[in-house]
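Student: Could you walk me through this one? I have not looked at it before.
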Amino acid sequence: MQGNEIIVAALERAGVDTIFAYPGGASMEIHQALTRSKRIRTILPRHEQGGVFAAEGYARATGKAGVCMATSGPGATNLVTGIADASLDSVPLVAISGQVPHSMIGRNAFQETDMFGITLPIVKHSYLITDVNDIARIIVEAFHIAQTGRPGPVVIDIPKNVQQQRTVPVFPKGPSLRGYNPEQRADDASLEQVLALIAKAERPVLYVGGGIITGNASQELCAFVEATQIPVATTLMGCGAFPELHPLSLRWLGMHGAAFANWAVNGELRKEKLSDGSEQVVNVAPGADLLLAFGVRFDDRVTGNVAKFCEHGTIVHIDIDASELNKNKPVQYPIVSDIRHALRRMNELLKQRPLRQRCPAWHQQIARWKEQAPFHYRLTEEVLKSQHMRDHMNGRADEVVLPQMAIQMLYELTQGDAIITTGVGQHQMWAAQYYPCKHPRQLLTSAGLGSMGFGFPAALGAKVARPNRHVIDIDGDGSFLMNVQELATAHIEGIPAKAMILNNQHLGMVMQWEDRFYAGRRGHTYLGDPENKKQIYPDFVAVAQSFNVPAERVMFKRDLRPAIQRMLDSDQPYVLDVITPYTEHVLPFIPANRTVAEMIYDE
Ligand SMILES: Cc1ncc(C[n+]2csc(CCOP(=O)(O)OP(=O)(O)O)c2C)c(N)n1
Ligand SMILES: [Mg+2]
């Protein structure tokens, strides 16, 4: 067999059914072989970044490695953002790049870039294949590494001459990798210790993240919560790990998370001004005395000032990746383990010796906090006095569509069952706030890297993997524009993913920081046409239609519900451009590196 054929055969054996691949000189051999595959669907994105984000959408929706491919040089470097994205969010991804022939490497050959070197800090592992006889083994290893332990991206760089060499391949049955031991299991002694801490705790809180979802431990978590009655706050990556409408859910925590989740972890702290003008922090009610941090990494968007995060609680941190322990936050009980094993085993031990403690006072306090500061929004003075009202609404305050409202309506009309992808910005935070998840793998969002442009291609990948689900990209006008070319992929490949753009004509999240910290001075955050502010710019409806993708614009509240319904009913990809005021801020808001005492929220 020729190298290119071995690559495709090895991918088939790895169970690959879809590859997002954009060809070029250094990868066209592999495309030739792909045309002959009966098992692999090759989807041509319109930009390699769209391809890698689509592969991530596929992976995030299924847990199976997403696969993408690009040619050497510019094709390969266009994958870099997606590889970094997969790295920060622990997404299993196999990214294949063509490379110039072996003999040309290091000579600044046409379209040569050192893909191995460029991606070295952002991969879980990488290969530069130099021998055709290594292809089959390396592809087995790549999928094994990407999908086991803490998942992540693996890059395989394949020079063109290797693709053209011939050999008799040996396909290994499974991987054999000395020194890679992804199975980690906590021993009973440390888990018993955790249970002893729980039995003593008066104000325990679970802080759980993406690790629960990638570790397929959601069911075990639910059983653990039933047995312990410990309230659960998730990270953004952990949304859906525990049903968000469950009475013990604290939704998600962090910079724009629920006030009650942040209070439960840190205590209700308030800054008060003293008569002499100085400020003091008042401790209104204490937070967790025991924090169970499972499958999380104490990201700064969660912790704010990390030294003050859960300052007075004992912290247990369980993670499969030992390098996460004591990295961002030193804890009293660091435990290396597959979280599913740890939860299963603790559930068994709890069955033998059920807990007596039920912490009624703590549950009452949390109920008070939930009542005191739920996620909510209202029509503010800022909206009423905004340019948006003058330019587009003719003063009709009752017809203005607030972004939160549009998401709530989408939730209602999909019964909360859709798979949601997002761009990055205000709309992303509102999507997570107003579309509570019932299940794992329901909210697919670029959390760690925060890559604008993620939403629509990720929705395509998710829809390919889950054709029977509604897949809807809740996007921003800035983010959507960054991979707008993928409308072509959606139409030509017949992938009916939908985009609901919350179009505020601004880089809303940056604008929010300008409003809060820069006296509202605009530094290149307006996306409309400054010469003609009354016009919505660009015209996404016309853009979509030029790709033969049906589209509609909604400006008034009365039109919103039927328009969302038409989008949902369509069997084609669809763009719904919902025009919203730019004056809304995402609340609550704990400014970067601050504490819950400085949380801004609407009381
Ligand atoms: C690729 C990339 N460039 C820049 C940023 C910085 N950034 C974060 S949010 C944001 C604004 C996003 O605007 P939009 O997509 O319209 O969403 P909105 O906040 O208005 O809802 C920007 C520029 C980013 N996260 N990603
Ligand atoms: Mg915007």
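The chat below goes through the metal site, the ligand shell and one further residue.

Student: What kind of model is this, and how is it numbered?
Tutor: This is a predicted model, in which local features need pLDDT of at least 70, side-chain atom pairs count only at pLDDT 80 or more, and totals for chains, interfaces and linings use all residues. Residues are numbered from 1 along each chain as its sequence is written, chains are lettered from A and ligands numbered from 1 in the order in which they are written, and side-chain values use heavy atoms, with hydrogens and water left out.

Student: OK, which residues are the protein donors of the magnesium ion (ligand 2)?
Tutor: They are Asp-477 (OD), Asn-504 (OD1) and His-506 (O), which lie 2.1 to 2.2 Å from the ion. Donors here are N, O and S atoms within 2.8 Å of the metal (3.2 Å for Na, K and Ca), and since water is not among the atoms, sites may look incomplete.

Student: And where in the chain do Asp-477 and Asn-504 sit?
Tutor: Asp-477 belongs to helix H21 (residues 477-482), whereas Asn-504 is in the loop between strand S18 (498-503) and helix H23 (508-517), so the pair, 27 residues apart, links distant parts of the chain. Helices (H or I, at least four residues) and strands (E, at least two) are DSSP runs, numbered from the N terminus.

Student: Are those two buried or exposed?
Tutor: Asp-477 is buried, at a relative accessible area of 4%, and Asn-504 is buried too, at 8%. Buried means under 20% relative accessible area, exposed over 50%, and partly exposed in between, using a 1.4 Å probe and protein chains only.

Student: Switching to ligand 1, which polar contacts does it have?
Tutor: Among them, an oxygen atom of ligand 1 lies 2.8 Å from a backbone N or O atom of Gln-426, and a polar side-chain atom of Ser-479 lies 2.7 Å from an oxygen atom of the ligand. A polar contact is a pair of N or O atoms within 3.5 Å; within protein, one must be able to donate a hydrogen and the other to accept it, and residues adjacent in sequence count only if both atoms are side-chain atoms.

Student: Which element gives the largest share of the shell around ligand 1?
Tutor: That is H21, with four residues.

Student: Last one: what is Glu-141 in contact with?
Tutor: Glu-141, found in helix H7 (residues 135-147), is in contact with Tyr-127, Ser-176 and Leu-177, leaving aside its neighbours within four places in sequence. Contact means heavy atoms within 4.5 Å.
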